[in-house]
Amino acid sequence: MAETWNEEQLIADGFERVYAELEWYDGPRAGLADVNGKPHYFQNHDYDHRDEADVYQVWPASEAAVELEREQWAIFARWNERRKAGEVGPESHPGHGGIDARYDELELLLAPHHQAPDSARRLVGELRFVAGARYRVEGLDYWFRWRPSRWGRR
């Protein structure tokens, strides 16, 4: 288990909240997080090069997209709480499609926002974890601190 930090220390050290995780593979690959205090999408699909694992494309998320992402994330987080409690099984995951109509609708509405635009910046994301549940309605158990990448833009 990674070392955990409290939120006050994370904020003092320049880390910012992660609101939604869209993909995880050996670490966060895509999601929604604050960058300089404003919600941005982040994305990294470089699975094979560990030296690039912490370089992300980031681009601003509109207020409307943030609202929809957080609604979809809340559906998932509440499902995960029920799964952890043994009330439902993995087959009921809302992301499987046809299980939660609103989740499916949000998936369609959000798909265009998940594509990195040409203007996306490349930033290095450093992770720190907080104690408690991994998936929470308000976000994840990890935060990012961002810094410029030597790679700049796409």
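Buried here means a relative accessible area under 20%. Keep in mind that the model is predicted.

Begin with the parts list. The chain has 3 helices and 9 strands. Follow the sequence and they come in the order β-α-β-β-β-β-α-α-β-β-β-β. How compact is the chain? Its radius of gyration is 16 Å, close to the 15 Å that the globule rule gives for 154 residues, so the chain is as compact as a globular protein of that length. Along its principal axes, the C-alpha trace spans about 45 × 35 × 30 Å.

Now look at the contacts. Take those between residues at least 6 apart in sequence: 59% of them join residues at least 24 apart.

Next, the surface. The chain exposes about 8700 Å². Carbon and sulfur atoms supply 50% of that area. Charge comes next. The chain has 20 positive and 29 negative charges.

Zoom in on helix H3, which runs through residues 101-110. Which of its residues are buried? They are Tyr103, Leu106 and Leu110. These three cover an arc of only 60° around the axis, which puts them on the same side of H3. The spacing along a helix explains such a pattern. An α-helix has 3.6 residues a turn, so residues three or four places apart point the same way.

What does the buried side of H3 pack against? Its buried residues meet strand E4 (38-43) and helix H2 (63-84). Turn to the face that points away from the buried side. That face carries the exposed residues Ala101 and Leu108. Exposed here means a relative accessible area over 50%.

Where does it sit? Glutamate 7 is found in helix H1, residues 7-12. Its relative accessible area is 29%, so glutamate 7 is partly exposed. That value lies between the 20% and 50% cut-offs.

Which residues does glutamate 7 touch, leaving out those up to four places away in sequence? They are Arg17, Val130 and Trp143. Consider the tryptophan. Glutamate 7 and tryptophan 143 are 136 residues apart along the chain. Their C-alpha atoms are separated by 9.0 Å. Find this pair in the structure, then trace the chain from glutamate 7 to tryptophan 143.

Notes: Residues are numbered from 1 along each chain as its sequence is written. This is a predicted model: local features need pLDDT of at least 70, side-chain atom pairs count only at pLDDT 80 or more; totals for chains, interfaces and linings use all residues. Side-chain values use heavy atoms; hydrogens and water are left out. Helices (H or I, at least four residues) and strands (E, at least two) are DSSP runs, numbered from the N terminus. The radius of gyration is taken over C-alpha atoms; the globule rule is 2.2 Å times the number of residues to the power 0.38. Contact means heavy atoms within 4.5 Å. Accessible areas come from the Shrake-Rupley method with a 1.4 Å probe; for residues, only the protein chains shown count as cover. Lys and Arg count as positive and Asp and Glu as negative; His and the chain ends are not counted. The place of a charge is taken as NZ of Lys, CZ of Arg, CG of Asp or CD of Glu. Buried means under 20% relative accessible area, exposed over 50%, partly exposed in between (1.4 Å probe, protein chains only). The arc is that of the directions from the helix axis to the C-beta atoms.
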